[in-house]
Amino acid sequence: MNVASLCRREVVGIPAGASLHEAAALMCEEHVGALVVVTDAQPPQVVGILTDRDLALDVLGRGGNGSELRAGHVAKAPAVAVPGTASLQEAVAAMEKAGVRRLLVVDEQGGVIGIVAAEDLMAAVSEELAGLVRALRSGIERERAERKVHRGVPAGRPRFPGFETMATQ
């Protein structure tokens, strides 16, 4: 599985010169927690990623109202990116190294094809673990069907009476 397969959210961009009020309104309208901040150039270049957490902690949490700031001022730059062919392990390593919760996913030419968040990676890993659990349970069921079940305790095998500390023969 590669990270491109996890990119299910539409990437929402905002100009670097947009106000923080415009950024928050766009996040609300699009139901996203992060915006890709871009230049006005053609084609646009990525400046960084602006998250709802950045607005809360870096602006409001510091007592500011952000009226003088623009999206490009608060966006975390440079944005951390991984190729769409990167594995889950590579994406996790990139997040860990950069200390971020979101990564841009890019194609071979460096164009943004998606964004992947830590929760996307956790969901993918959870699905893999759930598959392993199903495989283990299936193996147990197969063993039950194929093997004769022995009932009773064979002679010479230690018995452990309930809540006692010593085994009896």
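This is a predicted model: local features need pLDDT of at least 70, side-chain atom pairs count only at pLDDT 80 or more; totals for chains, interfaces and linings use all residues.
Three strands form an open sheet in the order 1-2-3, and their pairing is mixed. Strand 1 (13-15) and strand 3 (46-51) lie at the edges, each pairing on one side only. On average, neighbouring strands of the sheet are turned by 35° against each other, with direction ignored. Strand 2 (residues 34-38) pairs with strand 1 in the parallel sense, over 3 bridges. Within strand 2, valine 38 is the bridge partner of proline 15.

The nonpolar interior is described next. In soluble globular proteins, nonpolar side chains tend to be buried together. The largest nonpolar core of the model comprises 15 residues, of which Ile14, Leu20, Leu35, Val37 and Leu50 touch the most other members. Two or more residues are given to this core by each of helix 1, strand 2, helix 2 (52-59) and helix 3. Helix 1 supplies the largest share, with 4 residues.

Several backbone features occur in loops. Most residues other than glycine have a negative phi, and most peptide bonds are trans. Histidine 31 has a positive phi, near 55°, although this residue is not glycine. Histidine 31 is located in the loop that runs between helix 1 (20-30) and strand 2.

Proline 43 is placed in the loop between strand 2 and strand 3. Another cis peptide bond joins alanine 77 and proline 78, where omega is about -5°. The loop that holds proline 78 lies between helix 3 (71-74) and strand 4 (81-83).

The surface also carries nonpolar side chains. Val125, Leu129, Leu132 and Leu136 form a nonpolar surface patch, and together these residues have about 370 Å² of accessible area.

Technical notes. Residues are numbered from 1 along each chain as its sequence is written. Side-chain values use heavy atoms; hydrogens and water are left out. Patches are made of residues with over 30% relative accessible area and no salt bridge: like charges are joined within 9 Å, nonpolar side chains (Val, Leu, Ile, Met, Phe, Trp, Tyr) within 5 Å. Accessible areas come from the Shrake-Rupley method with a 1.4 Å probe; for residues, only the protein chains shown count as cover. A salt bridge is a side-chain nitrogen of Lys or Arg within 4 Å of a carboxyl oxygen of Asp or Glu. Two strands pair if DSSP finds at least two bridges between them. Axes are lines fitted to C-alpha atoms, for helices over the stretch in contact, and angles run from 0 to 180 degrees between N-to-C directions. A nonpolar core is a set of buried Ala, Val, Leu, Ile, Met, Phe, Trp, Tyr and Cys residues joined through side-chain atoms within 4.5 Å. Buried means under 20% relative accessible area, exposed over 50%, partly exposed in between (1.4 Å probe, protein chains only).
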